[in-house]
Each structure stands twice: as C-alpha cells, then as structure tokens.
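Me: Hi, I'm new to this one. Can you walk me through what I'm looking at?
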Amino acid sequence: MALLDVLMQVLHTVFAGVWAGWALFMALLVIPAAQKGHLGTEGLRWLTKRFSRFSMLASFVLFATGGHLAGTRYTVELLGGSPRGHLVLTMVALWFVLTGISHGASSGLLKNLDDGAMRAASKYASWYYAGGVVAIGLLVVAGRL
C-alpha cells in the first residue's frame, strides 16, 4: 500500500471517529447539561461554534479522503454490486445526513442563544439526538467494513 493510501486511511479514520464522537458528546452531554441549566449561554456558544467548525472541516476531509479511498479500492460495479460497496454507499448517505444535521442544529442553536442556553438547547435537542443516532449508524457501518 502506498504512503498516500495509508495517509488517506489514517486521516479518514481519525476525522470520522472524532466527528462521530463529538456528535455523540453534544447529544449525550452538552445539550442535556444546557437544558438543565448546568451550562451557560457563553459555554454553549463556545462548544457549539467549535463543533460547527469541526463538522465543516470533517465533512471536507471525509469527502476528500473517502473519495480517494473509494476511487482506489472500488469500481462502479463493486460499489453497486457487492455488500462492501453497499456499505460504502450507506456511509456516504449517512455522511450527507450527518453533515446536514450538524450544520442545521449548530446554526439554529447559535441563532437562538439570545433566548438563553436552556431554551435554545431544548429547541434543538432533537436535532442533536438525531445526529447522535446517525453518528452511531456511521460507526456501526464502518465497523462492518
């Protein structure tokens, strides 16, 4: 395996793992803490901005590295006609969904922070919970590969 292929695999795995983990962290710890009043507006803003920025970066890195990996390991026939190819396509679909949820949840929450952390977190909690479920789905599918 070429050095470039190894680098792409490592970057892909690290960014995917951190992004999925951070989505779960937001859903399971940050949002519930804000809903209960344990996390103030500025703390929630700080965490959400960083999550949003990393989500955008991770989306780009995963697009680039995943495209490279798929292009060097699969043909169109293998992607569409094999179980492993179907898993790869499932990951791509989940990646699109997590990108949309992460962006929508973060931008919506940040726009509503003037109403307070508790209210904004409660308003967008379901988005973050959905992102957590998608993140788990990505990890399960990746584990099957």
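Reply: Start with one definition. Angles under 35 degrees count as roughly parallel, over 145 as roughly antiparallel, 65 to 115 as roughly perpendicular, and the rest as oblique. Also keep in mind that this is a predicted model.

Me: Which hand does the crossing of H1 and H4 have, left or right?
Reply: Left-handed. By class, the contact of H1 with H4 has six nonpolar, two polar and no charged residues.

Me: Which residues meet there, between H1 and H4?
Reply: H1 brings Trp19, Ala23 and Ile31. H4 brings Trp95, Leu98, Thr99, Ser102 and Leu109.

Me: Stepping back, how many helices and strands does the protein chain have?
Reply: Five helices and zero strands. Along the sequence, the pattern reads α-α-α-α-α.

Me: What box do the C-alpha atoms fill?
Reply: Roughly 50 × 30 × 20 Å, along the principal axes. The chain has 145 residues, and 41% of them count as buried.

Me: What about contacts between residues at least 6 apart in sequence? What share joins residues at least 24 apart?
Reply: That share is 78%.

Me: Back to helix pairs. How do H1 and H5 cross?
Reply: H1 covers residues 3-35 and H5 covers residues 117-144. Their axes come within 8 Å and cross at roughly 155°. H1 and H5 are therefore roughly antiparallel to each other. Their crossing is left-handed.

Me: Which residues are involved between H1 and H5?
Reply: On the H1 side they include Ala20, Leu24, Ala27 and Ile31. On the H5 side they include Ala121, Ala125, Tyr128 and Ile136. By class, the contact of H1 with H5 has 17 nonpolar, four polar and no charged residues.

Me: New topic. How many residues are in the largest nonpolar core?
Reply: It has 36 residues. Those with the most contacts inside it are Trp19, Ile31, Leu44, Leu109 and Tyr128. H1, helix H2 (41-73), helix H4 (83-111) and H5 each supply at least two residues of this core.

Me: Pick Leu44. What is Leu44 in contact with, beyond its neighbours within four places in sequence?
Reply: Val30, Ile31, Ala34, Leu39, Leu109, Leu113, Ala117 and Ala121.

Me: And Ser59, where is that?
Reply: Ser59 is in helix H2.

Me: Why does Ser59 count as buried?
Reply: Its relative accessibility is 8%. Buried means under 20%, so Ser59 qualifies. Not counting residues up to four places away in sequence, Ser59 touches Trp19, Trp95 and Thr99.

Me: Last stop. Where is Leu145?
Reply: Leu145 is in the segment after H5.

Me: Is Leu145 buried or partly exposed?
Reply: Partly exposed, with a relative accessible area of 33%.

Me: What is Leu145 in contact with, leaving aside neighbours within four places?
Reply: Tyr74, Arg84, Leu87, Val88 and Met91.

Me: And how many residues apart in sequence are Leu145 and Phe15?
Reply: They are 130 residues apart in sequence. In space they are 17 Å apart, C-alpha to C-alpha.

Key: Residues numbered from 1 in each chain as written. Predicted model: local features only at pLDDT ≥ 70, side-chain atom pairs only at ≥ 80, totals over all residues. Heavy atoms only, no water. Axes fitted to C-alpha atoms, helices over the stretch in contact; angles between N-to-C directions. Helix = DSSP H or I, 4+ residues; strand = E, 2+ residues; numbered from the N terminus. Left-handed = near helix turned anticlockwise from the far one by under 90°. Contact = heavy atoms within 4.5 Å. Nonpolar A, V, L, I, M, F, W, Y, C, P; charged D, E, K, R; others polar. Core = buried A, V, L, I, M, F, W, Y, C linked by side-chain atoms within 4.5 Å. Buried < 20%, exposed > 50% of the residue type's maximum accessible area, 1.4 Å probe, protein only.
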